[in-house]
Amino acid sequence: MTDQSATPRSFSASAPLQGRIAIPGDKSISHRALMLSALAVGESRVTGLLEGHDVLATAVAMRAMGASIERRDDGEWRIHGVGVGGLLQPRGALDMGNSGTSTRLLMGLVASHPITATFVGDASLSGRPMGRVIDPLSQMGADISASPGAKGTKTLPLMVRGLAPAIPLAYRLPVASAQVKSAVLLAGLNTPGITEVIEPVPTRDHSERMLRGFGADLTVETGPDGTRHIRIAGEAELKPQTIVVPGDPSSAAFFIVAALVVPGSDVIITNVGLNPTRAGLIDVLRQMGGDIEAIDPRDVGGEPVADLRVRHSMLTGVDVDPAVAPSMIDEFPILFVAAALAKGRTTTTGLDELRVKESDRLAVMATGLQAIGARVDEREDGLIIDGTGGDPLPGDATITGHLDHRICMSFAVAGLVSRAPVTIDDIAPVATSFPNFEALLAGLQR
């Protein structure tokens, strides 16, 4: 049966991409800016906030728990916080839409406050596992249980009953996850004593940077074995901040790869966040021969930023070091598209995490790439892709996006280098992270 509400879209072979674009604000930083501003005492001001569905779900949830959040006509957001410990009981369920980040981080906040919140989401989010965040938060004293309609005991809908005072915890992450790390640290804000997260493999560190910026007592030590010990002192007093959100490197990724694979392209992407815990894709693409130049590197609000000039390049397949996966976990779908156009073989391993994203991104990307003529071998923890050597892909297929914004945008880029159009069954999910994706793409195709 066809979904009458779907918005299909076809993407066809493109003329060279030329011009300068500014991408939306970083999604990870936008979520955290809203949450920490809502816990500070006083008025914080945020510019460059990503206004996609996911981040707006965070804003609605923080309003429901007492924060005053206003968007001004000039695009600046002003947030009056309630203070750590001051979250109020929400009157209704918190609808997270498709946002796993909102869900996991807000569960951490609620876990150490004396309130109860029910988390609900769309069909895609309701199928995603929440056990990895439930486990440490339960050890801190939160009571987390499945609500009626949940597909499992550790999927949405979930009811979180916070405990105040919560129990400080030293928690070693069993799997690299910035979301789980952040949830525990956020719970630690209102927990007496020291809460510690032990991170065997470094993950994106936006939470640590921003918590320090708001005045939290947070330290990071790296052990002789390379593990990171992140400690936060509870019962914190956060001070309001003025935040400029840099451009999202995960959103820039689609235009970086598009410029590399569409012949004749020369594109400048301004104000891209280049946090080293997020820059893995750029490093891998440069290893493949990608011409990516950082212009005017600078620091904005504690985050490294630069403009990127990207020019069409003949890419060569590589064996991707699994150690870089945490620094580019969201960018693998578009890397797979680049690999399909490269010369030779690209091998990826250690990507089990991709099977529990908005969709099973390994299976969905393998199936979709095969449908448009790429040579792909799906393995349990990665894909092996033999590229075309720069020749266009056959295309001529309709791709099921599985309500996954990154899948949809990846195949939109694939359509630009295919002989026949590539159709996405529903482009609407792109609005969760990149509302003006199509408009920016059209502007480069002048």
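The structure is a predicted model. Helix α12, residues 405-415, is largely enclosed by the rest of the structure, because 11 of its 11 residues are buried. Helices α8 and α9 pack against each other with their axes 11 Å apart, while strands β12 and β13 run antiparallel and are joined by 5 bridges.

**Helix α12**
- The buried residues of α12 include His-405 and Arg-406 as well as Ile-407, Met-409, Phe-411 and Val-413, and they extend to Ala-414 and Gly-415.
- At the start of this helix, a side-chain oxygen of Asp-404 comes to within 3.1 Å of the backbone nitrogen of Arg-406, and Arg-406 is itself among the buried residues of α12.

**Helices α8 and α9**
- Helix α8 spans residues 249-261 and helix α9 spans residues 280-287, and the two pack at an angle of about 10°; they are therefore roughly parallel to each other, given that angles under 35 degrees count as such.
- On the α8 side the contact is made by Ala-253, Ile-256, Val-257 and Leu-260, and on the α9 side by Leu-281, Ile-282 and Leu-285.
- Sorted by class, this contact has 7 nonpolar residues, with no polar and no charged ones.

**Strands β12 and β13**
- Strand β12 covers residues 218-222 and strand β13 covers residues 228-233, and Thr-219 has Arg-231 of β13 as its bridge partner.
- The hairpin formed by β12 and β13 has 5 residues between the strands, and in this hairpin Gly-226 takes a positive phi near 90°.

Technical notes
Residues numbered from 1 in each chain as written. Predicted model: local features only at pLDDT ≥ 70, side-chain atom pairs only at ≥ 80, totals over all residues. Heavy atoms only, no water. Buried < 20%, exposed > 50% of the residue type's maximum accessible area, 1.4 Å probe, protein only. Helix = DSSP H or I, 4+ residues; strand = E, 2+ residues; numbered from the N terminus. Polar contact = N/O pair within 3.5 Å; in protein donor to acceptor, adjacent residues only side chain to side chain. Axes fitted to C-alpha atoms, helices over the stretch in contact; angles between N-to-C directions. Parallel < 35°, antiparallel > 145°, perpendicular 65-115°, else oblique. Contact = heavy atoms within 4.5 Å. Nonpolar A, V, L, I, M, F, W, Y, C, P; charged D, E, K, R; others polar. Pairing = 2+ DSSP bridges.
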